[in-house]
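Let's take a walk through this chain together, one stop at a time. Keep the viewer open and turn the model as you read.

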Amino acid sequence: MYSILWLFDTLITLYVWILIASAILSWLVAFNVVNPHNQIVRSIGEFLWRVTEPALAPLRRILPNLGGIDISPVILIILLYFVRNLVFELVAGA
């Protein structure tokens, strides 16, 4: 059972890091630090967008418009850590 919990924790932690990388890359592109026409930057951005957008899109529909500030990655990270802690409590309490 601990191996399954470890795998669950590792997957959530990996996804959180992917969310952070996606947010940082979007900032770098927005402030013209990296060139989005570069093939490597474009492929990394496409990968990060394809991995994170299915989880972020429903949150963006629910959250109000904050004038260009996207807090959906922060909300998703909080939700992921909440679910992780909830699963650990349920398994430890059983």
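**A loop and its neighbours**

Asparagine 32 sits in the loop that joins H1 and H2. Helices here are DSSP runs of H or I with at least four residues, strands are runs of E with at least two, and both are numbered from the N terminus. What you are looking at is a predicted model, in which local features need pLDDT of at least 70, side-chain atom pairs count only at pLDDT 80 or more, and totals for chains, interfaces and linings use all residues. Residues are numbered from 1 along each chain as its sequence is written, and side-chain values use heavy atoms, with hydrogens and water left out.

What is the phi of asparagine 32? It is near 55 degrees, a positive value in a residue other than glycine. For background, most residues other than glycine have a negative phi. Asparagine 32 also counts as exposed, at 66% relative accessibility. On this scale, buried means under 20% relative accessible area, exposed means over 50%, and partly exposed is in between, using a 1.4 Å probe and protein chains only.

Phenylalanine 31 is found in the loop between H1 and H2 as well, and with 65% relative accessibility it counts as exposed.

Now step back to the whole chain. It has 3 helices and 0 strands, in the order α-α-α from the N terminus on. The radius of gyration is 16 Å, well over the 12 Å that the globule rule gives for 94 residues, so the chain is more spread out than a compact globule. That radius is taken over C-alpha atoms, and the rule is 2.2 Å times the number of residues to the power 0.38. Along its principal axes, the C-alpha trace spans about 50 × 30 × 20 Å.

How much of the chain is buried? Buried residues make up 22% of the 94. The chain exposes about 7,000 Å², and carbon and sulfur atoms supply 72% of that area; the areas come from the Shrake-Rupley method with a 1.4 Å probe. Of the contacts (heavy atoms within 4.5 Å) with a separation of 6 or more, 57% are between residues 24 or more positions apart.

The UniProt record, an unreviewed entry, places the feature "transmembrane region" at residues 12–34 and 62–83; such annotations may be inferred rather than shown by experiment. In the model, residues 12–34 are 83% helix and 0% strand, and the end C-alpha atoms of this span lie 28 Å apart. For residues 62–83 the figures are 59% helix and 0% strand, with the end C-alpha atoms 19 Å apart.

Two more residues are worth a visit. Alanine 21 lies in helix H1, residues 2–30, and is partly exposed, with a relative accessible area of 33%. Its C-alpha is separated by 23 Å from that of asparagine 85, 64 residues away along the chain.

Leucine 63 has its place in the loop between helix H2 (39–62) and helix H3 (72–93). What does leucine 63 touch, not counting residues up to four places away in sequence? Its partners are Ile71, Ser72 and Ile75.
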